[in-house]
Amino acid sequence: MKISIGNDHAGTEYKFAVIKHLEAKGFTVINYGTNTNESVDYPDFVHPVAEDVEAKKVDFGIIICGSGNGANMTANKHQGVRSALCWTKEIVALARQHNNANILSIPARYTALQQVIEMVDTFLETPFEGGRHENRVNKIPVSY
């Protein structure tokens, strides 16, 4: 499985831990995030993740910022993206099962590292249920 990951300065520590965890499981990870704690603009690191997901160059994306909101809003500007802001593994499971989320947005300042690792595993292991949810998901993109 191939994963793109992006983060701002608030998510650097978690990003490195997630990458280590995923690579230990044999996943390929593309790192678009900043590698420092110096203040940066999250869209610069989220758009490349969303572009990879939208173009189907990767299976999933993971984005991390302080609250998760800015990163999530940025990713969801891309038509092929369904980014879900999650702070528990239960919300992550529902985002995959019911919404077929393809990017996980993590609020670094409101989650613990072990919780984040569990959320990432849940995100990657939970399948989309389809069925009645398929029609709803198909109505998400805006047609012009």
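**Exercise 1. Two positive phi angles**

At 70% relative accessibility, K56 counts as exposed. The model behind this value is predicted. Now place K56: in which loop does K56 lie, and what is its phi? Then treat N100 likewise: where does N100 lie, and is N100 buried, partly exposed or exposed?

*Solution.* 
- Step 1. Locate K56. The residue sits in the loop between α2 (43-54) and β3.
- Step 2. K56 is not a glycine, yet its phi is positive, about 60°.
- Step 3. Apply the cut-off. Exposed means over 50% relative accessible area, so K56 at 70% qualifies as exposed.
- Step 4. Turn to N100. The loop between α4 and β5 holds N100. Its phi is positive at about 50°, and N100 is not a glycine either.
- Step 5. Classify N100. Buried requires under 20%. N100 has a relative accessible area of 21%, so N100 is partly exposed.

**Exercise 2. The setting of strand β5**

Take β5, residues 103-107. How many of its residues are buried?

*Solution.* 
- Step 1. Count burial. In β5, 5 of the 5 residues are buried, so the strand is largely enclosed by the rest of the structure.
- Step 2. Find the partner β3. Strand β3 (residues 60-65) runs parallel to β5, joined by 5 bridges. Across this pairing, I64 has I106 as its bridge partner.
- Step 3. Find the partner β4. Strand β4 (residues 83-85) also pairs with β5 in the parallel sense, over 3 bridges. Here S105 of β5 stands opposite L85.
- Step 4. From β4 the chain passes through helix α4 (residues 89-99) to β5. This β-α-β crossover is right-handed.

**Exercise 3. The largest pocket**

What is the volume of the largest pocket, which residues line it, and how do they divide by class?

*Solution.* 
- Step 1. Take the volume. The largest pocket holds about 150 Å³ of space.
- Step 2. List the lining. The residues are N76, H78, Q79, V81, R82, S83, A84, N99, A101, I140, P141 and V142.
- Step 3. Sort by class. The lining has 6 nonpolar, 5 polar and 1 charged residue.
- Step 4. Assign the charge. Arg counts as charged, and R82 is in the lining.

How values were computed
Residues numbered from 1 in each chain as written. Predicted model: local features only at pLDDT ≥ 70, side-chain atom pairs only at ≥ 80, totals over all residues. Heavy atoms only, no water. Buried < 20%, exposed > 50% of the residue type's maximum accessible area, 1.4 Å probe, protein only. Helix = DSSP H or I, 4+ residues; strand = E, 2+ residues; numbered from the N terminus. Pairing = 2+ DSSP bridges. Right-handed = clockwise from strand over helix to strand, strands pointing away. 1 Å grid on protein atoms, 1.4 Å probe; cavity = no way out; pocket = protein on both sides within 12 Å on 5 of 7 lines; lining within 4 Å. Points joined across faces, edges and corners; volume = space filled by probe spheres on them.
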